[in-house]
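Morning, everyone. Please have a look at the model on the screen, and then I'll walk you through it.

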Amino acid sequence: MTDFRDRERAEEAKFALDEETAFKVAARRNRLVGEWAAGLMDLTPEETDAYKKAVVQADFEEAGDEDVIRKVLGDLTQAGCDVDEAQVRAKLEEKAIEARRQFMSES
């Protein structure tokens, strides 16, 4: 019985660690996408830092990536940048890979 409980605790700990890792990678991805979008909008370094934080915050509005895509695409469109939803989605995927690499290299 003890072996079963130990195994159950180990599985729960692994699940918690996996969830924490996914959260950190997603936040880093969102910062990287925010930095990319800020570059397209020619924001100052201070504005870029604030914008990256705003993109991370946007991810808390709803589950999934739609809230981030909506924010970034809306801001880019409003700034007069010639970017469509497919480009934002592609950049999100690209930055997800980069964020995971960065996170793994730090661990």
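One definition to begin with: buried means under 20% relative accessible area, exposed means over 50%, and partly exposed is in between, with a 1.4 Å probe and protein chains only. Keep that in mind for Asp-42. Asp-42 is exposed, with a relative accessible area of 67%.

Now the ground rules, quickly. This is a predicted model, so local features need pLDDT of at least 70, side-chain atom pairs count only at pLDDT 80 or more, and totals for chains, interfaces and linings use all residues. Residues are numbered from 1 along each chain as its sequence is written, and side-chain values use heavy atoms, with hydrogens and water left out.

Back to Asp-42. Where is Asp-42? In the loop between α1 and α2. Helices here are DSSP runs of H or I with at least four residues, strands are runs of E with at least two, and the numbering starts at the N terminus. Asp-42 has a positive phi of about 55 degrees, although it is not a glycine. Most residues other than glycine have a negative phi. Now look just after α3. There you find Gly-80, and its phi is positive too, near 85 degrees.

Next, the core. A nonpolar core is a set of buried Ala, Val, Leu, Ile, Met, Phe, Trp, Tyr and Cys residues, joined through side-chain atoms within 4.5 Å. The largest one here has 16 residues. Which members touch the most others? Trp-36, Ala-37, Tyr-51, Val-72, Leu-76 and Val-88. The elements giving two or more residues to this core are α1 (2–40), α2 (45–58), α3 (66–78) and α4 (85–106). The most come from α3, which gives five residues.

Zoom in on Val-72. A contact means heavy atoms within 4.5 Å. Leaving out residues up to four places away in sequence, Val-72 touches Val-33, Trp-36, Ala-37, Tyr-51, Val-55 and Val-88.

Let's stay with α3. It has 13 residues. Its first and last C-alpha atoms are 18 Å apart, close to the 18 Å expected at 1.5 Å a residue. That expected span is 1.5 Å times one less than the number of residues. Which residues of α3 are buried? Asp-67, Val-68, Ile-69, Val-72, Leu-73, Asp-75 and Leu-76. These buried residues pack against α1, α2 and α4.

On to α4. Its 22 residues should span 32 Å, and its end C-alpha atoms are 31 Å apart, which agrees. Buried in α4 are Val-88, Lys-91, Leu-92, Lys-95, Ala-99 and Phe-103. They cover an arc of only 110 degrees around the axis, so they sit on the same side of α4. That arc is taken from the directions from the helix axis to the C-beta atoms. What do the buried residues of α4 pack against? α1 and α3. Turn to the other side of α4, and Ala-86, Glu-93, Arg-101 and Ser-105 are exposed.

Also in α4 is Glu-106. Glu-106 is exposed, at 55% relative accessible area. Its side chain makes a polar contact with the side chain of Arg-28, at 3.0 Å. A polar contact is a pair of N or O atoms within 3.5 Å; within protein, one must be able to donate a hydrogen and the other to accept it, and residues adjacent in sequence count only if both atoms are side-chain atoms.

Last topic: salt bridges. A salt bridge is a side-chain nitrogen of Lys or Arg within 4 Å of a carboxyl oxygen of Asp or Glu. How many salt bridges does that rule give? The count is 10.

Take Lys-24 and Glu-20. Their closest N and O atoms are 2.9 Å apart. They are four residues apart in helix α1, so about one helical turn separates them. Lys-24 is partly exposed at 37%, and Glu-20 is partly exposed at 40%.

Now Arg-29 and Asp-65. Their side chains meet in a salt bridge, 3.1 Å from N to O. Arg-29 lies in α1 and Asp-65 in the loop between α2 and α3, so the pair ties together parts that are 36 residues apart in sequence. Is Arg-29 buried or exposed? Buried, with a relative accessible area of 8%. Asp-65 is partly exposed, at 28%.

One more pair: Lys-91 and Glu-94, at 3.4 Å from N to O. Both lie in α4, three residues apart, about one turn of the helix. Lys-91 counts as buried at 17%, while Glu-94 is partly exposed at 41%. And salt bridges that share partners join Glu-66, Glu-85 and Arg-89 into one network.
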